[in-house]
Amino acid sequence: MQPRPPVPAEATVPAEAPAAQPAEGAPADHAVGLAHFNSLPFAAAEAAFLECCSSLRWAHRMAAHRPYPDLGALLAASDEAGYDLAAGDIAEALAAEPAPCLHHDAPRAAHLALRAAHAAYESRFGHTFVICLDAYGPSQHVDQVLAGIRVRMEHEVDEERAVTAEELRRLARSRIVELMTAGPGQER
């Protein structure tokens, strides 16, 4: 997953948050984090959602529709809000997305190849390449990013716009799950 700046302290989910009854089949740690999250002031919830997807319209809608009964409902709302984003909202979210990068210890050649691939993609489509890498281990990230860029460079602009929007939705879902399970002081 792509690194993001840390969530404001008031928006993190403390480990000592009061326990809520988890929804049937939902892990207890999600329910505890969600109960606390549902009780945050609007501005703190909106700021936390902005860390998941940098579209102000998306974050505002997500914060306004609280409380969420369970993680599944929260993720469904995230998807629905993501599908409703206009081109300007997607551009706003993309402007804040960091490009997928490598660990600083990776070989120089890998850094150069990734930089060149990102530059070519940005030149063709006008925005940062985004991809959700949750299904892959860290050792596979560079290969997946490079392969993804190669495949997606062949897309027409409209096709790539749709793929990019889907990747943003996947990233938002992943970051929401992380937000709901992160304890105080834990890195996201």
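Modeller: Contact here means heavy atoms within 4.5 Å. This is a predicted model, in which local features need pLDDT of at least 70 and side-chain atom pairs count only at pLDDT 80 or more, whereas totals for chains, interfaces and linings use all residues. Residues are numbered from 1 along each chain as its sequence is written, and side-chain values use heavy atoms, with hydrogens and water left out.

Colleague: What makes a stretch of the chain a helix, and how many helices and strands are there?

Modeller: A helix is a DSSP run of H or I with at least four residues, a strand is a run of E with at least two, and both are numbered from the N terminus. The chain has 8 helices and 0 strands, and its pattern along the sequence reads α-α-α-α-α-α-α-α.

Colleague: Why is H2 called oblique to H8?

Modeller: Their axes are 8 Å apart and pack at an angle of about 130°. Axes are lines fitted to C-alpha atoms, for helices over the stretch in contact, and angles run from 0 to 180 degrees between N-to-C directions. Angles under 35 degrees count as roughly parallel, over 145 as roughly antiparallel, 65 to 115 as roughly perpendicular, and the rest as oblique. The angle of about 130° falls in the rest, so H2 is oblique to H8.

Colleague: Which classes of residue make up the contact of H2 with H8?

Modeller: That contact has 7 nonpolar, no polar and 2 charged residues. Ala, Val, Leu, Ile, Met, Phe, Trp, Tyr, Cys and Pro count as nonpolar, Asp, Glu, Lys and Arg as charged, and the others, Gly among them, as polar.

Colleague: What makes H4 roughly antiparallel to H8?

Modeller: Helix H4 (residues 71–83) and helix H8 (residues 157–181) have axes that come within 10 Å and cross at roughly 150°. That value is over 145, so H4 is roughly antiparallel to H8. H4 contributes residues including Leu71, Leu74 and Tyr83, while H8 contributes others including Glu166, Arg169 and Met180. By class, the contact of H4 with H8 has 9 nonpolar, 2 polar and 4 charged residues.

Colleague: How are H2 and H3 arranged, and what is the hand of their crossing?

Modeller: The axes of H2 and H3 come within 8 Å and cross at roughly 135°. H2 and H3 are therefore oblique to each other. H2 passes H3 in a right-handed crossing: a crossing is right-handed if the near helix is turned clockwise from the far one by less than a right angle, and left-handed if anticlockwise. Among the residues that meet are Phe42, Ala45 and Phe49 in H2 and Leu56, Trp58 and Ala63 in H3. The contact of H2 with H3 has 11 nonpolar, 1 polar and 1 charged residues.

Colleague: Why is alanine 44 called buried?

Modeller: Alanine 44 is in helix H2 (residues 42–52). Buried means under 20% relative accessible area, exposed over 50%, and partly exposed in between (1.4 Å probe, protein chains only). Alanine 44 has 7% relative accessibility and therefore counts as buried. Over the chain of 188 residues, buried residues make up 45%.

Colleague: Are serine 55 and proline 41 buried or exposed, and how do you know?

Modeller: Serine 55 is in the loop between H2 and H3. Its relative accessible area is 0%, so serine 55 is buried. Leaving aside neighbours within four places in sequence, serine 55 is in contact with Leu50, Leu85, Asp89, Glu92 and Ala93. Proline 41 is in the loop between helix H1 (28–38) and H2, and because its value is 54%, proline 41 is exposed.

Colleague: How do you know that the buried residues of H5 lie on the same side?

Modeller: In helix H5 (residues 87–95), the buried residues are Asp89, Ile90, Ala93 and Leu94. They cover an arc of only 135° around the axis, which puts them on the same side of H5; the arc is that of the directions from the helix axis to the C-beta atoms. These buried residues pack against helix H3 (56–64) and H8. On the other side of H5, Ala87, Gly88 and Ala95 are exposed.
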